[in-house]
Structures are given as structure tokens and as C-alpha cells.
Amino acid sequence: MEKKIISLVSVMAIMNLQLFALIDRTGAEALIPEDASKEIVQGVPVYSTIMQLATKAPNMPRNQRRIPVLSTLPTAYFVNGDTGLKQTSSQAWANKFFDAEELAVIIPIPEAVLDDVDYDIWGEVKPRIMEALGIAFDQAVLFGTNAPASWPTNVLTSATAAGNVVALGTGADLYDDLLGEDGVISLIEQDGYMATGHIAATIMRGRYRGLRDMLGNPIFKPLVKEGVQGATRYELDGSEVLFPKNGAILTGQALQFSGDFRQLVYAMRQDITYKILTEAVIQDGTGAIVYNLAQQDMVALRAVMRLAWQVPNPINRINPTATRYPIGVLTPGEPAYYS
């Protein structure tokens, strides 16, 4: 009788184990697709103006990269006579750091919507994700918008601290504000840099079109090739002006950035990766549950990338002081108009 009871208990225990068994996330991890790609290399730069102009450093093997930057230059001296003493000098380096930070977004969608549409939803969403990543990166670099604390000071603040800022209307005209003796481009030249590119708000196109020479002819004209009129090419002192269409330029703070953008360096720690989430819970900043994917029959696409940027700004002969900076800014002179 005792043996029968033990056997019955054993059978019930096994039945209970089977009753509550499940395929959990750990067990199914190998079946959950994670699409790792190199899309950041080709995709995001289309939407990020900074990445189009900046220098791309080799990918980072770790979360932080240290780079030595020249901070002191040697000095040579003339020798006084045949027996004069030769003087000594030194050269020094200081460390600057690339700190990789994560940039991510999750796009949830009901499964019923996926079932009903005739389009590749994720194929439509991915370009918009890359656009969002480009906007976030550009605004963090240029204005410090939502920038991680470990990242360097944004370009606008740094240019202001270096005195490389001109308010619209300071000179006789826009040409003077940008290319004049005390214009934006002249200020960075005084710091030992030559402009390689310009990033301007789209509203600046109208101001460029309004520029006239002494005879009243437009300075910027459409290109004409073999009798066919093409697009107008906007250049300042031989360097192209880019007009971001992603809205990254906050016109209430700046209208144009001009400078040696080769001195702005970015590096990837992790290329963009995509992962389809099916059983996750999505919460807001307070911890409240916004979506329970399993319970609400939803899925979500998670995109993650990690990157860093820095402006080494090494010492140079023209401006050996710490006040130099390779980028200048044209700020709005008519805040009411540009707000």
C-alpha cells in the first residue's frame, strides 16, 4: 500500500511538472531573429550631415578609446655666435577620450496590422529609423540636445567659448557676416583652420539666392551644361554648403556652421542592429507598462547602435592657445523671424 501511495505521488509530481512547463525566453533565444548588419555605414550618413563631413575613425574595440593630442609645440632658437649655447625645448601630448554611448529606438506594432498590410512594414520603417538616428546624432553634436554626459561639449557651445560666433546682421550684409574680415570663416582661419564645409538651415537658401553682385546679378546661379539648366550649387570660398532636410538645425540657436569638419571625428563601437521583440514589456520612464507585447498581440522592432565623437583640436602654430576651435557659427540676428 505504501509503495502505491509513493508511486501515485510521483506520477502527480510529474503531471504537475508537465502542466506548468513552458518555452521561456531562455529556451527560445536561439530562434528569435537578430539582424546584425552594416547599415549604419551606408544608411545613417545619408541622413546625418555631420557624418557626411566629419572624419570617420576606425571602429572602437572597446567602450572607450584614448587618443593623445598634441598640446605643446617645440620652439627653435638662433645660436648667439660661434660659441653660443643651444637652447632646449619640449613637445607634449594630452589625452582626449572617445566614449561610446548607445542610441536606440523601439517601434511597436500590432500583429493584426502586420497581417493586413500588403507592404514590407519593416522595410518601410528602417529608413525612418536611420533618419531618426541621424537627427539625434546631429543635434547632440551641434547643440547638445539629449547628449550623454560623457560626450564632449557640443559644437555651438565650444564655438561660442572660442569667440567663433557672428550674429546675422553684424556686418554690412550676409557676405560680410560669412566671408568678411571678421566673418565666421575668417574667425576659424585666425585659429589656424581652413573651412572644408558648411551646414546651413534650409531657410538660408533664400538668403543666398538674394545675394547680388555690383551689377545686381545673382551670385549663386543655376549650373548650365550643354545648354541645359541644372541645380544651383551653393559654395562658400570653394566649399560646398549642405542644407540638412532632417530638421537637425535649430534655427532659434544657429543658422549655419562653417569650419574644418575634418577635425570632428566620430567612431563606431557597434553598427546598427535590429531585433524583433515578441514577448517583451515596454515601460516608460516612470516604470509604467505602456505595452505588453504578448498580452496585446504585438511585436516590436528594436534598433540599437553605439558610437562616439570628439574634436581633438590639437595645438597649431597660428593659434597655440586654448581658445582655438575649428568651427564657427552664424547665429540668428532676428530671433522673432527665426523662432
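Mentor: Let us begin with strand pairing: two strands pair if DSSP finds at least two bridges between them. The model before us is predicted. In it, strand E12 (residues 256-259) and strand E17 (residues 327-331) pair in the antiparallel sense over four bridges.

Trainee: Which residue in E17 is the bridge partner of Phe257?

Mentor: The bridge partner of Phe257 is Val329.

Trainee: In what order do the strands of the open sheet lie?

Mentor: The open sheet is formed by six strands, and their order is E6-E17-E12-E7-E11-E10. The pairing within this sheet is mixed. At its edges are strand E6 (165-167) and strand E10 (235-236), each of which pairs on one side only.

Trainee: Let us turn to the charged side chains. How many salt bridges does the structure hold?

Mentor: A salt bridge requires a side-chain nitrogen of Lys or Arg within 4 Å of a carboxyl oxygen of Asp or Glu. The structure holds four salt bridges. One of them joins the side chains of Arg128 and Glu131, with an N to O distance of 3.3 Å.

Trainee: Where do Glu131 and Arg128 lie?

Mentor: Both residues belong to helix H7 (residues 121-143), where they are three residues apart, about one turn of the helix.

Trainee: Why does Glu131 count as partly exposed?

Mentor: The class of partly exposed residues lies between buried, under 20% relative accessible area, and exposed, over 50%. Glu131 counts as partly exposed because its relative accessibility is 24%. Arg128 is also partly exposed, because its relative accessibility is 45%.

Trainee: Which residues are linked in a network of salt bridges?

Mentor: The network links Arg233, Glu235 and Glu240. Arg233 meets Glu235 at 2.5 Å, N to O, and forms a salt bridge with Glu240 in which the closest N and O atoms are 3.7 Å apart. Arg233 counts as partly exposed at 42% relative accessibility. Glu235 is partly exposed at 31%, and Glu240 is partly exposed at 36%.

Trainee: What is the mean pLDDT of the protein?

Mentor: The pLDDT is the predictor's confidence in each residue, from 0 to 100. Its mean for the protein is 80, and 77% of the residues reach 70 or more. Over residues 34-43 the pLDDT is below 50, and this stretch has 22 contacts in the model beyond near neighbours in sequence. Residues 335-339 also have a pLDDT below 50, with seven contacts beyond near neighbours in sequence. Where pLDDT is low, the predicted coordinates should not be read in detail.

Note on methods:
Residues are numbered from 1 along each chain as its sequence is written. Side-chain values use heavy atoms; hydrogens and water are left out. Helices (H or I, at least four residues) and strands (E, at least two) are DSSP runs, numbered from the N terminus. Buried means under 20% relative accessible area, exposed over 50%, partly exposed in between (1.4 Å probe, protein chains only). Contact means heavy atoms within 4.5 Å.
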